[in-house]
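Here is a short briefing for someone opening this structure for the first time. Please look over the sequence and the model before reading on.

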Amino acid sequence: MPADTIAIRDKPTLKQIETLVARLRRRQVIGAQETALETALLLRQIVSVARFNSIEQLTQLIKSIARRLIDANPKEFAVGNIVRRVLRLIREETAAALGPAEEPDNTSPFSVPNTPAFPNPPDLNSSRPQLRATNSLATFMIMGNQRVQPPNETRQSSRESTGLDHHGEDHFQGWDGEKKPLAITVKPLLIQAIQEVIDELETVYENVSKTARDHIYDGEIILTLSYSRTIEQFLKSAARDRHFTVIVAETAPSYSGRQMATALSSANIPTVLIPDSSIYPLMPRITKVILGAHAILANGGLFTQVGCALAAAAARAHSTPVVVCAGQYKLTPAWNLYHEYAALDFAGPEKVISFEEGGGGERRGAPLEVINPIYDYVKPELVDVLITNDGDHPPPYVYRLIKETYDDEDMQL
Amino acid sequence: MPPKDTQRDKGSEEEEVLQAVVLADSFNTRFKPLTLNTPRCLLPICNVPMLLWTFESLALAGVEQIFVFCNAHSDQVKEAIQTSRFSQPSSGVHIVPIVSPRAMSVGDAMRELDEKQLISSDFILVAGDVVSNLQIDEVVKEHKERRKKNKDAIMTMVVKRSGAFHRTRPVGDASVFVLDPTTSECVHYESILAEPAKRSIMLPREVMEKHHEVEVRNDLIDCSIDVCSVDVPVLFSENFDYQDLRRDFVHGVLTSDLLGKSIYCHVVEQGYAARVRDTKSYAAVSKDIISRWTFPLVPGDNLPGGDEYEYRRGNRYISKDNVMLSRTCTIGNDTIIGPQARIHDNVRIENSVIGPRCSIGPGTIIRDSFIWDDAYVDAGCTIEGSIIGQAVHIGTGSTIKKGCLIAEGTKLGPKAVIGEFKRISREKPPADEEEEEGEEEIAEGVVNGMAHAKRGHFSRMPLALELGEQAEAYVWPDTVGADVGADGRSSSAARDADSEDEETEAWGNLKHLRLGMYQADISLSWTEYGFDPYFSDTDSSDDEEESSLASPASGVLLTPSGDSIPDFSLAPRSSANFRSECVSSLERALAEGHTVDDAAIELKTLRMASNVTMTEVRDVVIEFVVGLVKGEPGSAAQKNNISPVVERWAGLITNLMASERVEMLLLLQVRFKTCARLPNYLAAFKFFLYAFYNEDIVEASSIRAWLKDPRSREAMGKASQANMEACWKQGAHTLAVIEADEEDSEEEDEEDDSE
């Protein structure tokens, strides 16, 4: 808290932070896309008003605010994911701005080995502080990779002698000499970078559905659940080239499947709405199951709307392919440490049973316990492919994507 | 007040600042002795002060400005507001505490609100102990829309559909709402007390004339959330006798033709809102929070206090802050374990809330209980269905049975045995409590000494109460289970009098509000409870006033049974004073020949000033009128004197009695008994009755109802059974005469008025 008040003196921004914290806590902002967008907008605002002398200060500031946002609703993973994205961009941009002299230095040891499954190495070659001694799975994987480890090790030690802080200070002094504060030089670049993230969030549906026609063929019968704008867009874009039928399960108790069904049928896609109980018996007729995701976890498992675990398990029993469509911002460096059923979050019983019946009078026998989970956990084995705006990937590959998307030091915010 | 000006400026700048008024005081003492040192709104529910739940509920609805009226322990309330996260400038909510030591009721608070001119537009009025996840702003919007069309729609009450027997619906403090289903206008309101059981309500005839269709709803929880227009405080100022928001204000507005205002209800189907009215609803609301009806306001998500909890299967909430759970302890369903609590070996906790920093000793069993902050429970105790206050120390091997309230700082045990429904505090109960209950003895334990509680007390109930050797505690007089009839508490007292006074709460009713008290224990047949709205189409009477009477012949009729037992116990304190003033006022009126209306107004003012019940006023008037009749008791002179006197005062009597004719007759009866020293005097009763009838003070039907009323034949107050019986017989005789008269006169009209 003091950290933000020192660095941010702009009252509206402070209020904006509080408002988002409160809204997250009160669940007035829900859903991955909405929270991601709100977070990105807030970060843009913070970067534009914050006062900082070094990049380290800025990242610390962002992290402290991020922690508050995450604590407000730890179940919205997109908040943390966007923060990680932005932090990484900040490091990249400043490194680029601070002088091209550094760049070749950093590039070679850190470039990730090209694997066949990795067609287009993303801009990892830009300089970024790397691989402190964090005990994440990602580090472990890298350590296990003989090709990367030795240079990494040496680099790490040399890095530690200079250190990022030291590194940053050097430059700051350099800039000082020119009487140009770091903040002023870098800020426009950073804002620009965050703006790109925002633009990407706004176009995520189009980008996910770019490859829709490659995944859906004529005459397919597709099962989907719940309402997801990604899937709606995906199916609509596929419908331009293909003729297929969609079966939508109504997805009790939120019944968001109904919304999905009406949205699809109004787009002239043949749609059938079924109760959830028909998912299993209908599965033999279904050629593909398309699911949305709330978060894609590091092991390739998913947090999805409730009901998806049932559909995925039924699909596995009938060997029906399961396709998951989700934006890249849902990639989450986290694992499901809970039970598989009803792992994450529980809503109130109101949607399941009326207050009148469920609240119970006194002395009416044993208390009625109502469980209303919001999310399901879908194991990675049950998913065949993940379609993101960053290409299609199999679930076991997610850890790699996460490593490429976020900096290791940000894994724990 | 510095905030005043700034607020007004703000109000003019931004038109739509949503304001709320929180009444932090409940103006009753149902939580005593827990509220001895803590204001009720700061008592924790699910480990968070109730006031914070209310603030969060309001913040959820987008309220920007909250005025908090506090009375008792206002410094604590202020401090709580200051330390809460809502007082941070960036929280988006501006909270202004208003200390009003004068306010003794909701009405007083509203009048003060009007005086201070703090309210600029429609506002939300809530009690300081409401838990809700409603979007109240939508109700406000609805209210404003309605106001645009109809300026007289001054208030919207938020009610939740729940079913008549829902645990959250207070049995002793429920309400029946009569709604117009098309507009959801509330056309009639009746508060329902559990005791005396109300089997019927009366609906004014006009209601049926104005509305084609009405719904009588006995399944609604009154959430104590009202959206009020600015006129509401003004109305309170104009009617200075309004005390209670529901019983006086709503009832007054709905029954008054003069005001011409209307009140609407918003029936909530989705979402949760309930008020902690008493210890029983405290348990119910806690349970609702634990079973997540208040989602997202639940521990682990958006707990107003900000503590973090881990939610585990079976509605178990374990704080993330250094809880020590022994490996061998059993945490049952529906349980909250607060921050830094220490639960030792072999403890069993079920369906309970354990507060922050509590310590529960090995082998203790806790069921259906609420243990508040810093309590220390030693090994081998059993606690069931009770509330254990802050920093209570319970020694080894103690047993606490259901329904107990143990106040802050009390020490009990070791080996204490506390029976059901005991109230125990560290401080001595206030003197008047003892006095009132008379015979009940105060058990007293002294530190470091043998508990030298009075032997008699213990020998009477050897196992019911044992405070333990190192106890520092006083047992409060038993109120529950006291014989209601003998006690003389009455519902009319509860209704008429200011609700701030403990003594005005009907004990019989209060026991329904106690924690752990189930219907089965009270042995009421609840199948009979409910409504049989019998609407007959007979058009026997066009007289408006009569239609609201309890007469079997009138249109909408639901006979009152036990609706209003008059208060025959003559309150010892201010009443003597009041009586003499009343009598002198009446004498003045007699001497100076005032009109009866003037006399009535004077009496009403006197009643306000000395804070007595309407019943008492009636009693004085009846006594006065009876006393006016001169002449030798039983003589012809006296008989002749009766009718002029009654004629002279008929207006006043009618004015005061309003619709409670049966009660009046009972009073008359009792007065006769107590006044009459000579048996002859009794004989005058029938002449009085006849005179009353002739002056249209009573109808034949009221006399009939009185005769049927079992109370008219019982011994009451100082009147002996025999005397009552004598009177009753006279009454029966008079009625026969009257009926004979009526039949004569009505033969021409061909109207049959007999049942």
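Predicted model: local features only at pLDDT ≥ 70, side-chain atom pairs only at ≥ 80, totals over all residues.

Chain A has 413 residues, of which 41% are buried. Its contact with chain B involves residues from both chains.

**Chain A**
- Chain A contains 18 helices and 10 strands.
- Among contacts in chain A with a separation of 6 or more, 79% join residues 24 or more positions apart.
- Helix α16 of chain A spans residues 308-317, and its buried residues are C308(A), A309(A), A311(A), A312(A), A314(A) and A315(A).
- Just after α16(A), S319(A) has a positive phi of about 55 degrees.

**Contact between the chains**
- Chain B contributes 28 residues to the contact, and chain A contributes 23 residues.
- On the side of chain B that touches chain A, 15 residues are polar, 8 are nonpolar and 5 are charged.

- In soluble globular proteins, nonpolar side chains tend to be buried together.
- The largest nonpolar core has 151 residues, and those touching the most other members are V22(B), I66(B), V68(B), F69(B), I124(B), C186(B) and I371(B).
- Helix α2 of chain B, residues 50-60, supplies the largest share of this core, with 8 residues.
- Another core, of 101 residues, lies apart from the largest one and includes V29(A), I46(A), M260(A) and F303(A).
- Leaving aside neighbours within four places in sequence, I124(B) is in contact with A20(B), L58(B), V63(B), I136(B), V140(B), I225(B) and V227(B).

Conventions:
Residues numbered from 1 in each chain as written. Chains lettered and ligands numbered in written order. Contact = placed C-beta atoms within 7 Å. Nonpolar A, V, L, I, M, F, W, Y, C, P; charged D, E, K, R; others polar. Helix = DSSP H or I, 4+ residues; strand = E, 2+ residues; numbered from the N terminus. Buried ≥ 20, exposed ≤ 12 C-beta atoms within 10 Å, placed from the backbone. Core = buried A, V, L, I, M, F, W, Y, C linked by C-beta atoms within 7 Å.
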